[in-house]
Amino acid sequence: MLLMPKRDWQWIYNEAHNSLSVSLGSDMEFLTPYKSKYLIPDAQSELEFSVEHAKFYIEFLERLSKSMSVSDAAKVQLALNATAAHFLLKPQMPKSWFFDTSTMCVYSELAKVFQLRCQGVNAQVMVVETNIQASLVMLLSKELSLNASKSLMQFECIKVMNDRLYPLTASRQIVAA
């Protein structure tokens, strides 16, 4: 079952877990992976889950339903993390130097899944914010090592130039009659 936004939803910084969370009413809380050093100052205190946030969340859920076949719980998790990243993460400069340049031109759009290549490893990412030159992407893979001292964990975000995004390779089966 997909969770739909309600008036009592709000963003709360969870001190015990040192991360942003969404209070989904009196009996449920969703923890994001986003720590205080990556958040805008407003995210450090209680903040309403606004109409704009709800609109983005619902649009993201709709796009996910068309592009991925994952469980409803996974869709809610992706959409809540994407909403938090889109609205409450500090702006980032692209960090494209970690990734190989793609030879294919891609069209980046919200909730679209791509691959990034880093040190010979492919990782799946999902677009949570885009413009003509760069996209903020959320890591879908479990972990991605960027270099010897830095890695991304699942659902963390990084901004990259769009020329670093590789389309997903579709496996095709040809049936001869």
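Which residues do ring pairs link into a cluster? The cluster made by ring pairs consists of W9, W11, F49 and Y57.

## Basis of the model

The model is predicted, so local features need pLDDT of at least 70 and side-chain atom pairs count only at pLDDT 80 or more, while totals for chains, interfaces and linings use all residues. Residues are numbered from 1 along each chain as its sequence is written, and side-chain values use heavy atoms, with hydrogens and water left out.

## Ring pairs around W9

Rings of Phe, Tyr and Trp (its six-membered ring) pair if their centres lie within 6.5 Å, and planes under 30 degrees apart count as stacked, over 60 as edge-to-face and the rest as tilted. By this rule there are eight aromatic pairs. The pair of W9 and F49 is edge-to-face, because the ring centres are 5.1 Å apart and the planes stand at 80°.

W9 is buried (under 20% relative accessible area, with exposed over 50% and partly exposed in between, for a 1.4 Å probe and protein chains only), having a relative accessible area of 4%, and F49 is buried at 6%. W9 also forms an edge-to-face aromatic pair with Y57, at 5.7 Å centre to centre and 75° between the planes; Y57 is buried, with a relative accessible area of 0%.

## A charge over a ring

The charged end of R117 sits over the ring of Y166, 3.8 Å from its centre; the term requires NZ of Lys or CZ of Arg within 6 Å of the ring centre and within 35 degrees of the ring normal.
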